[in-house]
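Here is a short note to read alongside the structure. Take the points in order and find each residue as you go.

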Amino acid sequence: MEEKALKPVGVVGSGVMGHGIAMTLAKYGFQTVMYDISEDLLKRAMENISSGRFGLQKLVDKGSITASDRTEIMGRIRTTTSLRDLAGCSLVIEAAPENRDLKGKIFSELDSLCDRETILASNTSGIMISDLASFTKRGDRFVGMHWFNPPQVMKLVEVVRGPETAQRTLDFINDLSRKLEKMPVVVNDAPGFFTTRFINAWLMEAYRIFEQGVAGIAEIDEMSRLAFGFPMGPFELSDLIGLDTMLHVADYMFDETKNPSYSPPTTLKKLVLSGYLGKKTGSKGGWYDYYSVQGKDR
Ligand SMILES: NC(=O)c1ccc[n+]([C@@H]2O[C@H](COP(=O)([O-])OP(=O)(O)OC[C@H]3O[C@@H](n4cnc5c(N)ncnc54)[C@H](O)[C@@H]3O)[C@@H](O)[C@H]2O)c1
């Protein structure tokens, strides 16, 4: 276990989740290799790690780390556009877009490139771990490691056990999560696991309530905060998660279960098709931007 922990950890994808996961690993002393499909994306991810909303500079400003800690943490992250560079990692955490075929292709490549002992983990929001593991020949060393947004802040790691996942793989992920000051909770495999199944039904219902004209998005968010004590309402949360991710998850959950509570409403599809993906797209920031541009709701 200790020997493994000394090897680097790989992260595939440097977007909303990938860069936050890489930053967290490096902050807690792990050598980290972050992969993406272009140098530009990696450069933007490193800028986010350095000075983004949840980046290291914010921690320096708050006094929780020093400027030299910041340099040291940045120095633990290596970036690459070649999957081969992840071959010697103890663990590779995949945080590529929520698309089964894309993830399958990545895992099949990683399976042939990586050391026999490397553990492969997916940060998928809801695709069944048994399905993703089937692209590899290492079901015993395959696991769901579901982080929450922003990964630098959120405490829960939902650890998803596939039918073949070995206990030593779960032990490794639980141990690593605790070293990162996270709280791992192990669940069994199912579409959406616990957290996504639960949140997806709530979000889709909020979208439908809005579509039916019962209340505006700002009002629904405010009521959710004031009535239920949620830190964020459904529309603020969706803009943070990314509407494309929400749509992929909802489509998948509905396809797998045929439960109409999970089916994505038309407005969500319309926003995604028009490029209103959420905070990650800046000017087209999601529900709030779309409806302020349209002069409705707010
Ligand atoms: N956003 C959230 O709040 C959240 C929370 C938990 C889990 N997740 C899950 O994490 C995963 C990543 O989500 P995200 O929000 O970071 O998405 P994102 O769109 O912000 O980032 C995805 C990254 O993957 C890269 N990518 C594209 N094609 C690739 C390929 N072929 N190989 C490797 N990388 C590729 C993209 O360039 C991008 O940097 C998804 O499975 C998502 O469901 C997201």
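1. First, a term. Helices here are DSSP runs of at least four residues, numbered from the N terminus. H2 gives the most to the shell around the ligand, with 3 residues. Keep in mind that this is a predicted model.

2. The ligand shell. There are 26 residues around the ligand. Those that come nearest are Gly13, Gly15, Met17, Ser125 and Asn149. Two elements each supply two or more residues: helix H2 (16-27) and helix H6 (100-113).

3. Domain 1 (2-188) and domain 2 (195-290) each contribute at least three residues to the shell.

4. The core. The largest nonpolar core holds 78 residues. Val11, Ala22, Val92, Ile93, Ala121 and Val143 have the most contacts inside this core. H2 provides its largest share, 7 residues. Domain 1 (2-188) and domain 2 (195-290) each give the core at least three residues. In soluble globular proteins, nonpolar side chains tend to be buried together.

5. Leaving aside residues up to four places away in sequence, Val92 touches Gly10, Val12, Leu86, Leu110, Cys114, Thr118, Leu120 and Ala121.

6. The whole chain. It has 14 helices and 8 strands. Of its 298 residues, 44% count as buried. Take contacts between residues at least 6 apart in sequence: 65% of them join residues at least 24 apart.

7. Overall size. The C-alpha trace spans about 55 × 45 × 35 Å along its principal axes. The radius of gyration is 19 Å, which agrees with the value near 19 Å for a compact globule of 298 residues.

Definitions and conventions: Residues are numbered from 1 along each chain as its sequence is written. This is a predicted model: local features need pLDDT of at least 70, side-chain atom pairs count only at pLDDT 80 or more; totals for chains, interfaces and linings use all residues. A residue is near a molecule or strand if its C-beta atom, placed from the backbone, lies within 6 Å of it. Domain bounds come from an automatic or database domain assignment. A nonpolar core is a set of buried Ala, Val, Leu, Ile, Met, Phe, Trp, Tyr and Cys residues joined through C-beta atoms within 7 Å. A residue is buried if 20 or more other C-beta atoms lie within 10 Å of its own, exposed if 12 or fewer, and partly exposed in between; C-beta atoms are placed from the backbone. Two residues are in contact if their C-beta atoms, placed from the backbone, lie within 7 Å. The radius of gyration is taken over C-alpha atoms; the globule rule is 2.2 Å times the number of residues to the power 0.38.
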